[in-house]
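Student: Could you walk me through reading this model, one feature at a time?
Tutor: Gladly; let us look at it together.

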Amino acid sequence: MRVDPEFQDKGIATRFTRALFPIIRKAGRTWAGLNTLDSGKPKATFRVMEKLGMQLADIYADDVYWRRPKQVARPRLAPYQNIFAHFVGLGRKTIFHQHPGWFCSRLIPERRAWVNPGGFRLDGVPVHVVRGRYTEKGHPHGRVTVNLFDRPSDFTTFVPRLLALVPNRGHLVVNYAAEWKQEFRAAARAAIPRLKKNRGYWPSTWRIYGRTLG
Ligand SMILES: CC(C)(COP(=O)(O)OP(=O)(O)OC[C@H]1O[C@@H](n2cnc3c(N)ncnc32)[C@H](O)[C@@H]1OP(=O)(O)O)[C@@H](O)C(=O)NCCC(=O)NCCS
């Protein structure tokens with residue numbers, strides 16, 4: 001969403017977003033969500049959400065990695081029963097997925113059977129992992145999504161193990177609590193030489209807002 005600077009702060013974005021609610025309701029939905037980049041500073045979008053009565057559900061770091069640490073064995077993942085209940089118990093309201101599209105879905109009971117097959121433990125830490133494939137320039141690529149909501153006890157050992165899940169060709173997206181981003185990214189840079197923004201990874205942080213439609 002972007003309003004020409006000349007017309008900003010006149011209520012256009014608020015009116016535009018409000019006009020979407022009846023359309024969403026008509027489609028049979030009971031909740032509307034919006035994700036917006038978190039700059040760490042106050043932004044007009046955050047104020048627009050507030051004016052519309054949309055609540056902040058979660059703030060996530062959402063990093064894409066396409067290089068992986070050398071000499072780190074690919075971890076064996078052990079199944080984790082009912083990761084849905086575990087995530088809800090941690091106070092998480094949403095889960096990230098790359099397919100279809102690139103967005104967050106709410107952790108509502110109707111999604112339990114859809115979320116739980118992705119429940120695993122990586123070195124004892126619960127993680128939600130979904131693997132997919134896509135074709136780019138005629139070659140098959142792998143796509144791995146990881147939702148990590150338990151704070152690893154040691155980022156320097158855990159992060160390289162997690163990044164060993166980056167496919168040979170393709171990428172991994174890891175979605176985790178935004179408060180760990182410094183530690184997480186420092187561990188990634190330590191494990192992968194010359195890792196830089198757009199050189200092997202793309203870090204970003206997102207705010208998820210939502211509202212129940214009355
Ligand atoms: C975000 C954006 C679409 C909002 O459009 P808009 O039509 O100006 O929004 P509205 O007029 O409905 O509301 C803006 C509100 O934010 C406030 N605001 C403006 N800049 C702000 C800032 N830096 N921090 C906090 N609040 C701010 C305004 O005062 C206003 O609140 P008020 O009505 O209480 O005075 C517009 O600022 C924009 O195009 N920004 C650049 C692109 C962008 O960041 N898009 C979001 C990507 S998800």
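Tutor: Helices (H or I, at least four residues) and strands (E, at least two) are DSSP runs, numbered from the N terminus. By that count, the protein has 6 helices and 12 strands. This is a predicted model, in which local features need pLDDT of at least 70 and side-chain atom pairs count only at pLDDT 80 or more, while totals for chains, interfaces and linings use all residues. Residues are numbered from 1 along each chain as its sequence is written.

Student: How compact is the protein for its 214 residues?

Tutor: The radius of gyration is taken over C-alpha atoms, and the globule rule is 2.2 Å times the number of residues to the power 0.38. The protein comes out at 19 Å, close to the 17 Å from the rule, so it is as compact as a globular protein of that length. Along the principal axes, its C-alpha atoms fill a box of roughly 55 × 40 × 40 Å.

Student: What share of the residues is buried?

Tutor: A residue is buried if 20 or more other C-beta atoms lie within 10 Å of its own, exposed if 12 or fewer, and partly exposed in between, with C-beta atoms placed from the backbone. Buried residues make up 28% of the 214.

Student: Which residues of helix H6 are buried, and how are they arranged?

Tutor: An α-helix has 3.6 residues a turn, so residues three or four places apart point the same way. In H6 (residues 181-191), the buried residues are Phe184, Ala187, Ala188 and Ala191. Seen down the helix axis, they fall within an arc of 100° (the arc of the directions from the axis to the C-beta atoms), so they line one face of H6.

Student: What do the buried residues of H6 pack against?

Tutor: Two residues are in contact if their C-beta atoms, placed from the backbone, lie within 7 Å. The partners of H6 are strand S2 (55-65), helix H5 (155-163), strand S9 (170-177) and S11.

Student: Which residues come nearest the ligand?

Tutor: A residue is near a molecule if its C-beta atom, placed from the backbone, lies within 6 Å of it. There are 17 residues around the ligand, and Gln8, Ala13, Thr14, Ala44 and Arg47 come nearest. Helix H1 (12-26) and helix H2 (44-51) are the elements giving two or more residues to this shell, and the largest share, 4 residues, is from H2.

Student: How does the shell divide by residue type?

Tutor: Ala, Val, Leu, Ile, Met, Phe, Trp, Tyr, Cys and Pro count as nonpolar, Asp, Glu, Lys and Arg as charged, and the others, Gly among them, as polar. The shell holds 7 nonpolar, 5 polar and 5 charged residues.

Student: Where does the backbone deserve a second look?

Tutor: Most residues other than glycine have a negative phi, and most peptide bonds are trans. Lys137, in the loop between strand S7 (125-136) and strand S8 (139-148), has a positive phi, near 50°. With 5 other C-beta atoms within 10 Å, Lys137 is exposed.

Student: Which residues does the cis peptide bond join?

Tutor: His99 and Pro100, with omega about 0°. Pro100 lies in the loop between strand S4 (94-97) and strand S5 (103-106).
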